[in-house]
Structures are given as structure tokens and as C-alpha cells.
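Please open the model in your viewer and keep the selection tool at hand. The stops below tell you what to select next and what is to be found there.

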Amino acid sequence: MMPPGRILLLVLVLLPPGPAAPCSPQPNATRFVCTEPTLRTFPAGLPRTTLAISVEFTALAALLPTALVPVPRLQELHLSSNLLATLPAALLRPVPALRVLDLTNNLLLDLPTDIFISNEHLQHLVLRGNRLRALRPAWFQHLPRLLWLDLGANALAEVPPEVFHPLHSLRSLDLSHNLLAALPPGALAGLRALEQLDLEGNRLLTLPPASFAPAPALRLLFLQDNELRELPARIFLPLRHLRVLDLARNRLRALELPPRAPGPALELDMSGNPWDCGCALLAMLRRVAPRVTAAADTRCASPAHRRGQEVAALSGAGDTGCEHKGDGQHPPGP
């Protein structure tokens, strides 16, 4: 008769193996991907060869300061759609070669002041869809190569003056869907390479006259879905390379655009505003000749005899009565 201990050992050997731990790393791999919804701890045992990590759509709520020590060559870290509320200050110090960091759709209220102190090679930083309430200038002091910064869909109520000044290489800045009611003078200081700025879906009432002067390379500017009632004269004049301007769904009545630049016409969305279709607006549109999108939703609110008419149709009409001398706004009465 077989001893009981040997019987137990035989049973254990014959039993099928239990379920493997979710998202087990593979030896010598360069990329690690995990989208296991039940994952609660950052995977251990990642090989030193790892260049990219994607741990997304999981239940991950915390990271240890040493989580990335095993992967010193890491270049991309994607941690979107998790439950992260804080990050350790030392988290990124073991990965100085990091170029992409995506923290979209977490629960972050703040970041440690010096979290990026060792990441001068970072090029893409995405913090969209968190709960950030304030921008800390120290975050951006050591990111001279940053090209893309997405801060959209947070709870930012202000932009500190010159907060982005060290970001001389930045090409795209997204501040959309925050709580911004104003931009301070100098908010864009230092951003001479900036080509795309998104301020959609904030609470902006107006803008400083020289808002865009520090960013003359702007090509795409999104200001739709704010509460803009008036824009300073010549505010867009420094933007000689502007190709797309979205002003839809504000409360604007008047507009001044920069002179038409060589190349394709400016793509302009000015729909959903109560335009005053006097001679000044119509003459400007004729002179600049933008390509007006959403033309059917771009209509005059005044003067009374033009109320409800399409702005684009009027600006392209041969005779609007503006050929007569008057006050520059409306043709003189009979």
C-alpha cells in the first residue's frame, strides 16, 4: 500500500495547473501590454529589455516608488484608464530615457513638484481626464524636448503667467474642457514653436490683446464653446501662419482677422454667434476670404434687415450697400 504522503504528492502532480497570474511578463520582451480589468498591482518581473509598457483599463490604484527600477531603458509608459489618485515623487527617476507618458482618465488631483526632474527626453505628456486643479511651474522646468502637452478635461481654473515658458520645443498644447474664465498676459510666453492651441469648452469671456504674440507659429487655434463676447482688435494679427480658427458657439458680434497669407485659405468656423453683419464685418470677410465652415449655422443677428441671413452669402454678394460712405458699420439710410 502506498504511503499517504506519496499519494498526496501524486495527486498534486496530476492536478491541472491553476490560473496564471494576469498579464505575466515574457522574458526578453521589449513591449508589455496588460488590459486585465482585475489587475490591482503593477506587474513584477518585467525584463530589463522592456522599452514600452501599457497597463490600461485596470483596477490599478497605486504604484510603488520602485515600480520602474527593473526597466531602466523604458521609453513609453501608458497608464490610461486606471484608478491612480497619486504618483510617487521618485516614480520616473529610474527611467531617464522616457519619451511618452500617458496618464489619461485617472483620478489624479495633483502631481509631485519634482516628478519630471529626471525626464529631459520626455516628448509626449498626456494628463487628460484627471482632476487637476492647478498647474505647478516646477513640472515643466526640466522638459526642454516636450512636443505635446495635453491637460484637457481637468478642473484647471487658471493658467499661471509664464508657466509654460521652459517648453521651447512645444508644438501642441491642449487646455480644453477646463474651468478657465481668463488667460493672464504672458500665459503663452516662451511657446514660439507652438503650432496648435486648444481652449475649447472653457468659460473664457475675453482674451488679453497680446495673448497670441508669444506664439507666432500657431496654425490651429480652437476657441469654440466658450463665452467670448468681444475680442481685442488685432488680437490675431501676429498669427501669419494661421490655417484653422474655430470660434463656434460663443457670443461674438464682431471680428477682425489677420491679412490673408500665401497658401490655402483660412478655415474659419464662426457658427453659433450673434454676428453684426454691418459693413465692417462683411468687408473684412471679403478681404481675407476665409473658407467659412458650417455656413448654414453662421447667421446675422443684426442689423434688423439682415437678421437670419447667412453671413457667408452676404460677404460674397456683389451689392450689399456697403459701397456707400457711412459710419463703416451700416449703409446710410435714405
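Two strands pair if DSSP finds at least two bridges between them, and the strands themselves (E, at least two residues), like the helices (H or I, at least four residues), are DSSP runs numbered from the N terminus. Residues are numbered from 1 along each chain as its sequence is written. This is a predicted model, in which local features need pLDDT of at least 70 and side-chain atom pairs count only at pLDDT 80 or more, while totals for chains, interfaces and linings use all residues, and side-chain values use heavy atoms, with hydrogens and water left out.

**The sheet**

Begin by selecting residues 220–222, which form strand S9, together with residues 244–246, which form strand S10; these two strands pair in the parallel sense over three bridges. Within this pair, Leu-220 stands opposite Val-244 of S10.

Now widen the view to the open sheet of twelve strands, whose order is S1-S2-S3-S4-S5-S6-S7-S8-S9-S10-S11-S13, with parallel pairing. At its edges stand strand S1 (31–34) and strand S13 (291–293), each with a single partner strand, so one side of each is left without a neighbour in the sheet. From one strand to the next the twist averages 5°, where axes are lines fitted to C-alpha atoms, for helices over the stretch in contact, and angles run from 0 to 180 degrees between N-to-C directions.

Next, go to S1 and S2, which pair in the parallel sense over four bridges, with Ala-52 in S2 as the bridge partner of Arg-31. On to S3 (residues 76–78): three bridges join this strand to S2, and the two run parallel, with Ile-53 opposite Leu-77 in S3. Are the residues on the two faces of strand S2 buried or exposed? Select residues 52–55 and you will find that both faces are covered, with Ala-52 and Ser-54 on one side and Ile-53 and Val-55 on the other all buried (buried means under 20% relative accessible area, exposed over 50%, and partly exposed in between, with a 1.4 Å probe and protein chains only).

**The disulfides**

A search of the whole structure finds two disulfides, a disulfide being a pair of cysteine sulfur atoms within 2.5 Å.

Select Cys-23 and Cys-34 for one of them, where the S to S distance is 2.0 Å. The torsion about their S-S bond is about 70°, so this disulfide is right-handed. Cys-23 lies in the loop between helix H1 (4–14) and S1, and Cys-34 in strand S1, so the pair ties together parts that are eleven residues apart in sequence. Cys-23 counts as partly exposed at 23% relative accessibility, whereas Cys-34, at 1%, counts as buried.

Then select Cys-277 and Cys-300, which are also joined by a disulfide, with 2.0 Å from S to S. With -95° about the S-S bond, this link is left-handed. Cys-277 lies in the loop between strand S12 (275–276) and helix H2 (279–288), and Cys-300 in strand S14 (residues 300–302), so the pair ties together parts that are 23 residues apart in sequence. Both Cys-277 and Cys-300 are buried.
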